[in-house]
Amino acid sequence: MSQEAELNVSGPLGASTPRADGVVVPAPGLRGGLAGGRAAKQPKHRSLWGNAWRQFRRHRLAMVGLAVFIALILGTFIGSPLYGRAIDEPFEYDASLGFSRENLLGTDSLGQDMLARVLWGGRISIAVGLTAALVAIVLGTAVGAVAGFFGGVADTLLMRVTDMFISLPQLPLLLLISFLFRESIVNFFDERFNSPLMGYFTLIVVVISFLNWMPTARLVRASFLATKEKEFIEAARAIGANRSSLMLKHILPNVLSPIIVAATLGIGAAIITESTLSFLGLGFPSDVPTWGRMLNDAQQQLQLAPHEPLVPGFFIFITVLAINYIGDGLRDALDPRKTQ
Amino acid sequence: MGRYLIRRGIVSAATIVAISIVVFGILAVAPGDPLGEFATNPSVPPERRAELRASLGLDEPVPVQYWNWARLYVQGDWGESFSTKTGVREYVLGRVPVTLAVIGSSFLLGILIAVPIGVVSAFKQYSLFDQFATTFAFLGFSIPTFFSGIVLIYIFGIRLQDTPLGLPFVFDRTDPLASNIKQSILPVMVLGLAGAAGLTRFVRASMLEVLGQDYVRTARAKGLREQTVLIAHAMRNALIPVITIVALQVPEIFGGAIITEQIFTVPGIGNALISAIRSSDTPVVMAITFGVAILVVLFNIIADLLYAAFDPRIKLT
């Protein structure tokens, strides 16, 4: 969550948003000349997104992060069924083996193949991260957009609620809610859809996103407040655009950049939160080996078979690191002041 | 200033009341009757269970229950723990010093690491040092505390166990203070490094902003030594906004402390919270969750006051 905090606060602190790779960003004044020169040589039409992508590609570590994240998604979602080994067949192999050709990431204390479990559970960890970040962003954007666009009583009311949510003790509540509602929600999904896994998934996604939408709401509100006074919005009003088209077609696309960055960083934060819950034994159960859960189960093995807790922990770390670098690259790429 | 404090106090009190309603509400509507002791224990006969519920006031409507609870809480009666049968207040307050000591030292460690690194990073922007510091910060806030804790245990507790660098990683609750310090090193390191990572970026950003100001150029033009300009003129001002960031990190550090205490078995409030949640000891859960909320609100006020104290341009009205 610290990355989100940084995102919000580094704006006002300085125009010189830190770059991770240390590339020197020329002053905005140079921009016109450079862009003009290049445009003369290259008459091909360039879209805004194309520009962002060109900019993003310059950020070496962000590109590495993107490659790693795509590899992780492919590896877990496609690789897991391709790899095909069972995740819950106890004593299929010798217990607590180190890395070997037969078991690339070794085996756990129950003699199950670690790679199979890491790939299988990774799908869930990543899916939770993506879904929870998406829900939180949609919720936060909706609240922020309504508050910023309509102002007045709606604004005051929504922002009070947002402030209250921000002051809530996040982790204790997260733990408490998952503990209290776990059984009934899982039972409900078990009876209704015959899938307890779906119950855990829904509970965890809902809990994480309901405690994480507030920074986005504030961000979007501020952007909406600034944008709705611009001339082009006045022009849109003048040609008779109604409220929903003003909000969705005219303002929202113009405030999308910070939302995209926040969403990206939110994925990493959600993955960490899910692992924390599972690590503390209040997330997914033992037969759903998400990375956090594997770490929790293998914690006692640190002395005898250190690879058992270190491997899943390493995957969490690499995934979140990759996402944070992507977020950093996007922040630079989508910031018009930095376009080269 | 006085008026500001009054207004701020009212808003904070309202926030705290709202939080308590949310926490109480969650417990009241949760399935499994968490407010009632033995509610789900099948060995307690139904009539005895009804008696217990009545004696705890649970047959009253939820708002009345809330009012009863809040009144007693303010009076200092936090109820009795379901599992230990002792007063919650003594139990929780008894664990606060350990947590505060660990959190306080981690904060100190974090600031001691972050401020020099951030200042030098900004001064030598884009240098090799800056790039190292940036990488360190990225690694630092991408690593979840439970994983860095386990890695440190593996390195210092297991790999280097028999060397002078070896450190204990399990809190011995009966040990004298001297060994308490040694066993606090790893948890403090985990939390301190986590805090330092984000803070470094803020110090750097804030310092870069200040270094571009006219008065810094004036100071240099006067022929002051670079060191004086950097420390006496730039850093003093750059650190003011950092105060706010440090205060805003408090809830995060509390969250980290809950996890860290669990890993290192530190007998603090985080550890107490997890065991209380697992054993459905609702009065303890309530007291700790709510206590953390109060502390967070309090730290925010302190941050604002400090900000005003250090920056004369800020007038709290």
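The model is predicted. Chain A has 15 helices and zero strands, and chain B has twelve helices and, likewise, zero strands. The area buried between chain B and chain A is about 4900 Å², and the count of salt bridges between the two chains is zero.

**Chain architecture**

- From the N terminus on, the elements of chain B run α-α-α-α-α-α-α-α-α-α-α-α.
- Chain B has 317 residues, and buried residues make up 48% of them.
- In chain A, which has 340 residues, the buried share is 53%.
- Of the contacts in chain B between residues at least 6 apart in sequence, 68% join residues at least 24 apart.
- For chain A, residues 24 or more positions apart account for 71% of the contacts with a separation of 6 or more.

**Contact between chain A and chain B**

- The contact draws 57 residues from chain A and 53 residues from chain B.
- Carbon and sulfur atoms give 79% of the area buried between the chains.
- Two residue pairs are in polar contact between chain B and chain A, both at pLDDT 80 or more.
- On the side of chain B that touches chain A, the elements that give two or more residues include helix H1 (2-29), helix H7 (177-211) and helix H12 (282-310) of chain B.
- H1(B) provides the largest share of that side, with eight residues.
- The residues of the side of chain B that touches chain A comprise 37 nonpolar, eleven polar and five charged.

**Nonpolar cores**

- The largest nonpolar core has 149 residues.
- Among the residues with the most contacts inside this core are Leu175(A) and Phe279(A), together with Trp69(B), Phe146(B) and Met207(B).
- H7(B) gives the most to this core, with 13 residues.
- Beyond its neighbours within four places in sequence, Met207(B) is in contact with Val119(B), Ala122(B), Leu230(B), Ala234(B), Met235(B) and Ala238(B).
- Another core, of 16 residues, lies apart from the largest one, and Ile137(A), Ala145(A), Phe224(A) and Leu252(A) are among its members.
- As general background, nonpolar side chains tend to be buried together in soluble globular proteins.

**Salt bridges**

- Over all chains, a search of the whole structure finds nine salt bridges.
- One of these joins the side chains of Asp163(A) and Arg218(A), at 2.5 Å from N to O.
- This pair links distant parts of the chain, with Asp163(A) in helix H7 (residues 152-167) of chain A and Arg218(A) in helix H10 (residues 214-227) of chain A, 55 residues apart.
- Asp163(A) is partly exposed, with a relative accessible area of 25%, and Arg218(A) is also partly exposed, at 41%.
- In chain B, the side chains of Arg8(B) and Asp304(B) meet in a salt bridge at 2.2 Å, N to O.
- Arg8(B) belongs to helix H1 of chain B and Asp304(B) to helix H12 of chain B, and the two residues are 296 residues apart.
- Arg8(B) has a relative accessible area of 19% and therefore counts as buried, the cut-off being under 20%, whereas Asp304(B) is partly exposed at 26%.
- A further salt bridge brings together the side chains of Glu226(B) and Arg220(B), at 2.8 Å from N to O.
- Glu226(B) is partly exposed, with a relative accessible area of 33%, and Arg220(B) is partly exposed at 35%.
- Salt bridges that share partners join Arg160(A), Asp163(A) and Arg218(A) into one network.

**Individual residues**

- Asn194(A) has a positive phi, near 60°, in a residue other than glycine.
- Asn194(A) is found in the loop between helix H8 (170-193) and helix H9 (196-210) of chain A, and it counts as exposed at 63% relative accessibility.
- Thr265(B), which is not a glycine, has a positive phi of about 50°.
- Thr265(B) is placed in the loop between H10 and H11 of chain B and is partly exposed, with a relative accessible area of 26%.
- His307(A) is in helix H15 (residues 307-333) of chain A and counts as buried, at 11% relative accessibility.
- Leaving aside its neighbours within four places in sequence, His307(A) is in contact with residues including Ser96(A), Phe99(A), Leu105(A), Thr107(A), Met114(A) and Pro312(A).

Notes: Residues numbered from 1 in each chain as written. Chains lettered and ligands numbered in written order. Predicted model: local features only at pLDDT ≥ 70, side-chain atom pairs only at ≥ 80, totals over all residues. Heavy atoms only, no water. Contact = heavy atoms within 4.5 Å. Buried area = accessible area lost by both parts, 1.4 Å probe. Salt bridge = Lys/Arg side-chain N within 4 Å of Asp/Glu carboxyl O. Polar contact = N/O pair within 3.5 Å; in protein donor to acceptor, adjacent residues only side chain to side chain. Helix = DSSP H or I, 4+ residues; strand = E, 2+ residues; numbered from the N terminus. Nonpolar A, V, L, I, M, F, W, Y, C, P; charged D, E, K, R; others polar. Core = buried A, V, L, I, M, F, W, Y, C linked by side-chain atoms within 4.5 Å. Buried < 20%, exposed > 50% of the residue type's maximum accessible area, 1.4 Å probe, protein only.
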